[in-house]
Amino acid sequence: MTSALTVRALLAVATAAAFTVLVGCSAGDGDQTGSGAQYEFTGATPTATVLDEAARAPAPTFDGELLDGSPFESSSLAGDIAVINFWGSW
């Protein structure tokens, strides 16, 4: 009887842990900008397709700290072509 109780307790803990992990991975409300805007992925742009300037949305502004500790503001890139890789350790 003790081993059945132990197995049930172990299953309950494993179920609770799995639930916690799945809830932690949920997408939330989709607002990643803090501005109320929604990001919507609609698919990849076909290869070698140039979008008309009128069809392009302006990039949101952001700021942060570079790896060397110096401050960075996206407005310093205005008018330039840039590839930016965002990443996090979470």
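## Aromatic pair

The structure holds one aromatic pair. Rings of Phe, Tyr and Trp (for Trp, its six-membered ring) pair if their centres lie within 6.5 Å; planes under 30 degrees apart are stacked, over 60 edge-to-face, and the rest tilted. Phe62 and Phe72 make a tilted pair, with 5.9 Å centre to centre and 35° between the planes. The pair links distant parts of the chain. Phe62 sits in the loop between helix 1 (2-24) and strand 1 (63-65), Phe72 in strand 2, and the two are ten residues apart.

Phe62 is partly exposed, because its relative accessible area is 26%. The cut-offs are under 20% relative accessible area for buried, over 50% for exposed, and partly exposed in between (1.4 Å probe, protein chains only).

## Model and confidence

This is a predicted model: local features need pLDDT of at least 70, side-chain atom pairs count only at pLDDT 80 or more, and totals for chains, interfaces and linings use all residues. Residues are numbered from 1 along each chain as its sequence is written, and side-chain values use heavy atoms, with hydrogens and water left out.

pLDDT is the predictor's confidence in each residue, from 0 to 100. The protein averages 74, and 66% of the residues score at least 70. Among the elements, strand 2 has the highest mean pLDDT (94) and helix 1 the lowest (71). Where pLDDT is low, the predicted coordinates should not be read in detail.

## Fold and surface

Of the 90 residues, 1% count as buried. The protein exposes about 8,700 Å², and carbon and sulfur atoms supply 62% of that area. Areas come from the Shrake-Rupley method with a 1.4 Å probe; for residues, only the protein chains shown count as cover.

Ser74 lies in the segment after strand 2 (71-73). Ser74 counts as buried because its relative accessibility is 12%. Beyond neighbours within four places in sequence, Ser74 is in contact (heavy atoms within 4.5 Å) with Pro60, Thr61 and Phe62.

Leu66 lies in the loop between strand 1 and strand 2. Leu66 has 39% relative accessibility, so it counts as partly exposed. Leaving out residues up to four places away in sequence, Leu66 touches Pro71 and Phe72.

Key. Helix = DSSP H or I, 4+ residues; strand = E, 2+ residues; numbered from the N terminus.
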